[in-house]
Amino acid sequence: MRHGEGYTAYDLFQDDARVQEKPELDRFLASVERSAFRMADIATRNKDDALDIVQDTMTKLVEKYAHKPSDEWRPLFYRILQSRITDFHRRSGRTNRIFSWFGSEDDEEEVYVGVDEAGPVELLAERLTLEKLTTCLELLPVRQQQAFLLRAWEGFSVIETAKIMKCSEGSVKTHLSRATNALRNSVEEDDD
């Protein structure tokens with residue numbers, strides 16, 4: 001991911017002593033950056049906000065969890081990311097209520113969503129353009145987006161997704177089912 005002046009969220013942490021001490025942390029941050037940005041971009045519909053969320057997530061992981069075993073970083077990272085996305089929506093909800101009186105408009109930017117592996121996302125993408133898939137994902141409620149992206153896109157198990165989202169496994173299944181049905185309905189509407 002390149003943004004702004006050619007810097008990535010990952011680039012900001014290369015000088016951090018904790019990252020330099022742990023080359024595996026360095027590799028981990030580089031490996032999750034693109035998918036984290038994609039998830040945040042879909043959730044916020046704004047590249048700058050998405051980049052801020054990813055940077056904040058990486059900062060928190062490095063500050064608080066660099067000492068943890070590397071096999072714990074991925075679920076911790078995505079838990080932090082989902083918390084930051086939820087916080088963003090809470091803040092923007094308050095801001096939108098305040099500024100709705102002024103009739104401000106959101107300027108929409110195109111979002112590129114790539115498909116990395118075969119799975120539900122790829123099957124849907126075959127019937128939808130990536131642009132339409134992104135639009136459909138953006139229209140889902142945040143919890144449905146989170147469940148779909150974590151399960152289908154990132155490949156987390158139901159148990160891992162529940163821990164990341166801080167909810168029950170049943171809630172994850174419900175959110176995922178609703179998201180899948182909404183996306184499926186979008187596909188059927190397009191086919192008609």
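Trainee: How many helices and strands does the secondary structure of the protein chain come to?

Mentor: The protein chain has nine helices and zero strands. Please keep in mind that this is a predicted model.

Trainee: And what pattern does the chain follow along the sequence?

Mentor: Read in sequence order, the pattern is α-α-α-α-α-α-α-α-α.

Trainee: What percentage of the residues count as buried?

Mentor: Of the 192 residues in the protein chain, 41% are classed as buried. The chain exposes about 11000 Å², and carbon and sulfur atoms supply 46% of that area.

Trainee: Which share of the contacts joins residues at least 24 apart?

Mentor: That share is 64%, taken among contacts between residues at least 6 apart in sequence.

Trainee: Turning to packing, at what angle do helix 2 and helix 7 pack?

Mentor: Helix 2 (residues 23-44) packs against helix 7 at an angle of about 155 degrees, and their axes are 11 Å apart. Helix 2 is therefore roughly antiparallel to helix 7, since angles over 145 degrees fall in that class. The crossing of the two helices is right-handed.

Trainee: Which residues meet there?

Mentor: Helix 2 contributes Arg-38, Met-39, Ile-42 and Ala-43, which meet Gln-145, Leu-149, Leu-150 and Trp-153 of helix 7. By class, the residues of this contact are six nonpolar, one polar and one charged.

Trainee: What about helix 7 and helix 8: at what angle do their axes cross?

Mentor: The axes of helix 7 (residues 142-153) and helix 8 (residues 158-165) cross at roughly 140 degrees and come within 10 Å. Helix 7 is therefore oblique to helix 8. Their crossing is right-handed.

Trainee: Which residues make that contact?

Mentor: On helix 7 they are Arg-143, Gln-146, Ala-147, Leu-150 and Arg-151, and on helix 8 they are Val-158, Thr-161, Ile-164 and Met-165. This contact has five nonpolar, two polar and two charged residues.

Trainee: A change of topic: where does Arg-45 lie?

Mentor: Arg-45 is in the loop between helix 2 and helix 3 (47-65). Its phi is near 60 degrees, a positive value in a residue other than glycine. Arg-45 is partly exposed, with a relative accessible area of 39%.

Trainee: And Lys-166, is that residue buried or exposed?

Mentor: Lys-166 is exposed, its relative accessible area being 61%. This residue sits in the loop between helix 8 and helix 9 (169-191). Although Lys-166 is not a glycine, it has a positive phi of about 55 degrees.

How values were computed:
Residues numbered from 1 in each chain as written. Predicted model: local features only at pLDDT ≥ 70, side-chain atom pairs only at ≥ 80, totals over all residues. Heavy atoms only, no water. Axes fitted to C-alpha atoms, helices over the stretch in contact; angles between N-to-C directions. Helix = DSSP H or I, 4+ residues; strand = E, 2+ residues; numbered from the N terminus. Parallel < 35°, antiparallel > 145°, perpendicular 65-115°, else oblique. Left-handed = near helix turned anticlockwise from the far one by under 90°. Contact = heavy atoms within 4.5 Å. Nonpolar A, V, L, I, M, F, W, Y, C, P; charged D, E, K, R; others polar. Buried < 20%, exposed > 50% of the residue type's maximum accessible area, 1.4 Å probe, protein only. Areas by Shrake-Rupley, 256 points an atom, 1.4 Å probe, with all protein chains shown as cover.
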